[in-house]
Amino acid sequence: RSKRATILAVLVIAVVVGGYFGVHALWHSAQNVFTADQCTVGSYDLDPDQASVAATMVGAVTSHRPALPERAAVLVLAAGLQESKLTNLAPGAGDRDSVGVLQQRPSQGWGTPPGNEASLNDVFEATTEFLDKLVQVRGWQSMPLAHAVQSVQISADESAYAPHEGEAQALADALSGRRAKGITCSFAKPSKVAAPSRVSALAQRDLPINEPIVTSTSVRVPGAGWQTTAWFIANADRLGIEQVAYAGA
């Protein structure tokens, strides 16, 4: 997979060492070989790349300041499901000059700074830009989903967003940690895995967490909860994580 990280001689396993320490990721050789690349959230199936994108989007919501309600995650996920099926579209892969998971157009002022195409392929940044515009919409929290999303996206067909509300809600519940044990993933044994330091850096980028404790064989997140657990699971395929465990699960 193109999105997997640098090859190293270890794989990741996340385990628990007490409530304070939260999620652990212990790294060693993989022993389990799975037969299907698939993640499941409630009654919905998605591939591991989609799960990774969705987890980053939810992380951007929970990292946003001022803090936002979960409704913001539902809205941006519904937009991503419609615009790209939660795929981080490269330049030229979207409609016109649209880029990224939300098909934002640099010619229309999207990007940081405005017009910067490359920034729109950063899922966290693209989501943050959506949220920054969303909070400027008066009454967005109580609007019908399609209308709230359309107020930001300005698409050709507002009604296209509404059918994704159920799936977006399920993803938001699972990936925000509101629903415990909300996501499971299985995949073939990875051939490429990321270093523990890389996993730590990515987790800190995507999530509002305490600084992880990293060793050559582990990544441990003090005070972690179900959102951090879900992030490890959703990113397991691209980072070479074999197992995640938290709170006895």
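This is a predicted model: local features need pLDDT of at least 70, side-chain atom pairs count only at pLDDT 80 or more; totals for chains, interfaces and linings use all residues.
Q: Is K181 buried or exposed?

A: With a relative accessibility of 58%, K181 counts as exposed. Its place is the loop between α6 and β5 (184-186), where helices (H or I, at least four residues) and strands (E, at least two) are DSSP runs numbered from the N terminus. K181 also has a positive phi of about 55°, although it is not a glycine.

Q: Where does I154 lie, and what is its phi?

A: I154 belongs to the loop between α5 (145-153) and α6 (165-175). Its phi is near 50°, a positive value in a residue other than glycine. The relative accessible area of I154 is 61%, so the residue is exposed.

Q: How many aromatic pairs does the structure hold?

A: The structure holds two aromatic pairs. Rings of Phe, Tyr and Trp (its six-membered ring) pair if their centres lie within 6.5 Å; planes under 30 degrees apart are stacked, over 60 edge-to-face, and the rest tilted. For W226 and Y246 the ring centres are 4.9 Å apart and the planes stand at 90°, so this pair is edge-to-face. The pair links distant parts of the chain, 20 residues apart: W226 is in helix α8 (residues 226-234), and Y246 is in the segment after β8 (241-243). W226 counts as partly exposed at 21% relative accessibility, whereas Y246 counts as buried at 14%.

Q: What is the geometry of the pair formed by W231 and F232?

A: W231 and F232 form an edge-to-face pair, with 5.5 Å from centre to centre and 85° between the planes. W231 is buried at a relative accessible area of 1%, and F232 is buried at 0%.

Q: How many of the residues of α2 are buried?

A: In α2, 13 of the 16 residues are buried, so the helix is largely enclosed by the rest of the structure. Helix α2 covers residues 48-63 and reaches 22 Å from its first C-alpha to its last, close to the 22 Å expected at 1.5 Å a residue (1.5 Å times one less than its number of residues). At the start of α2, a side-chain oxygen of D47 comes to within 3.0 Å of the backbone nitrogen of D49.

Q: Which residues does S200 touch, not counting those up to four places away in sequence?

A: Contact means heavy atoms within 4.5 Å. By this criterion S200 touches P212, V214 and V219, with residues up to four places away in sequence not counted. S200 is part of helix α7 (residues 196-206) and counts as buried at 5% relative accessibility.

Q: What is omega for the peptide bond from R65 to P66, and for the one that joins T112 and P113?

A: The peptide bond from R65 to P66 is cis, with omega near 5°. P66 is located in the loop between α2 and α3 (70-84). T112 and P113 are joined by a cis peptide bond with omega about -5°, and P113 is found in the loop between α3 and α4 (123-134).

Key. Residues are numbered from 1 along each chain as its sequence is written. Side-chain values use heavy atoms; hydrogens and water are left out. Buried means under 20% relative accessible area, exposed over 50%, partly exposed in between (1.4 Å probe, protein chains only). A polar contact is a pair of N or O atoms within 3.5 Å; within protein, one must be able to donate a hydrogen and the other to accept it, and residues adjacent in sequence count only if both atoms are side-chain atoms.
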